[in-house]
Amino acid sequence: QVQLVETGGGLVQPGGSLRLSCATSGFTFSSNTMNWYRQAPGKERELVATITSAGGSTNYADSVKGRFTISRDNAKNTVYLQMNSLKPEDTAVYYCNAVVKISGLYYGYWGQGTQVTVSS
């Protein structure tokens, strides 16, 4: 079955950095666009970053451009989110997401999330 497992969250001071990882299994990772979302308390889940299957194209929310970098290692079936210059407003649960085509239909899969807290 499809599994996505995020790690790397934690408590960091403003201006600090964290690197999130999402290890996947159960689907052809190298063929899939991968996404990172986040959800802050009381807010809707928002798309943070996207990377295409070969890693040739990335997109970011305006709020994180220039500070976050999404990357992937297709040999390890893992996608990463490097977060620099963190701000308190980056505090949220961060989720890895994949939309996988199975038998002609598309299914969205999510990890369990990892908490990122930016506070002094």
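1. Asp90 is buried, and Arg67 is buried as well, where buried stands for under 20% relative accessible area, exposed for over 50%, and partly exposed for what lies in between (1.4 Å probe, protein chains only). These two residues form a salt bridge in which the closest N and O atoms are 2.7 Å apart, a salt bridge being a side-chain nitrogen of Lys or Arg within 4 Å of a carboxyl oxygen of Asp or Glu. Asp90 lies in the loop between strand 8 and strand 9, while Arg67 lies in the loop between strand 6 (58-60) and strand 7, so the pair ties together parts that are 23 residues apart in sequence. Strands (E, at least two residues) and helices (H or I, at least four residues) are DSSP runs, numbered from the N terminus.

2. A word on the source of these values: this is a predicted model, in which local features need pLDDT of at least 70 and side-chain atom pairs count only at pLDDT 80 or more, whereas totals for chains, interfaces and linings use all residues. Residues are numbered from 1 along each chain as its sequence is written, and side-chain values use heavy atoms, with hydrogens and water left out.

3. The structure holds four salt bridges, and one of them joins Glu46 to Arg38, with the closest N and O atoms 2.6 Å apart. Arg38 counts as buried at 5% relative accessibility, whereas Glu46, at 32%, counts as partly exposed. Salt bridges link Arg38, Glu46, Arg67 and Asp90 in a network. Another salt bridge is formed by Asp62 and Lys65, whose closest N and O atoms are 3.2 Å apart; here Asp62 is exposed, and so is Lys65.

4. The aromatic rings deserve a separate look. A pair of aromatic rings is described by the distance of the centres and the angle of the planes. Rings of Phe, Tyr and Trp (its six-membered ring) pair if their centres lie within 6.5 Å, and the planes count as stacked under 30 degrees apart, as edge-to-face over 60, and as tilted for the rest. The structure holds three aromatic pairs. The rings of Phe27 and Phe29 have their centres 6.4 Å apart and their planes at 55°, so this pair is tilted. Phe27 is buried, with a relative accessible area of 12%, and Phe29 is buried too, with a relative accessible area of 2%.

5. Tyr95 and Trp110 form an edge-to-face pair, with 6.3 Å from centre to centre and 90° between the planes. Tyr95 lies in strand 9 (residues 92-102) and Trp110 in strand 10 (residues 105-110), so the pair ties together parts that are 15 residues apart in sequence. Tyr95 is buried, with a relative accessible area of 14%, whereas Trp110 counts as partly exposed at 37% relative accessibility. Ring pairs also bring in Tyr37, which is linked with Tyr95 and Trp110 into a cluster. Arg45 lies over the face of Tyr95, at 3.8 Å from the ring centre; a charge sits over a ring if NZ of Lys or CZ of Arg is within 6 Å of the ring centre and within 35 degrees of the ring normal.

6. Which residue lies over the face of Phe29? That residue is Arg72, at 4.3 Å from the ring centre, and its place is in strand 7 (residues 68-73). Arg72 is buried yet has no salt bridge, and the nearest side chain of opposite charge, that of Asp73, is 8.3 Å away; in this count Lys and Arg are positive, Asp and Glu are negative, and His and the chain ends are not counted. The side chain of Arg72 reaches the backbone oxygen of Asn32 at 2.8 Å, and a polar atom of that side chain lies 3.2 Å from the backbone oxygen of Ser53. Leaving aside neighbours within four places in sequence, Arg72 is in contact (heavy atoms within 4.5 Å) with residues including Phe29, Met34, Ile51 and Tyr80.

7. Two backbone angles remain to be noted. Most residues other than glycine have a negative phi. Asn77, however, has a positive phi near 55°; Asn77 lies in the loop between strand 7 and strand 8 (78-83) and is partly exposed, with a relative accessible area of 28%. Ser103, which is not a glycine either, has a positive phi of about 50°. Ser103 is found in the loop between strand 9 and strand 10, and is exposed, with a relative accessible area of 78%.

Methods
A polar contact is a pair of N or O atoms within 3.5 Å; within protein, one must be able to donate a hydrogen and the other to accept it, and residues adjacent in sequence count only if both atoms are side-chain atoms.
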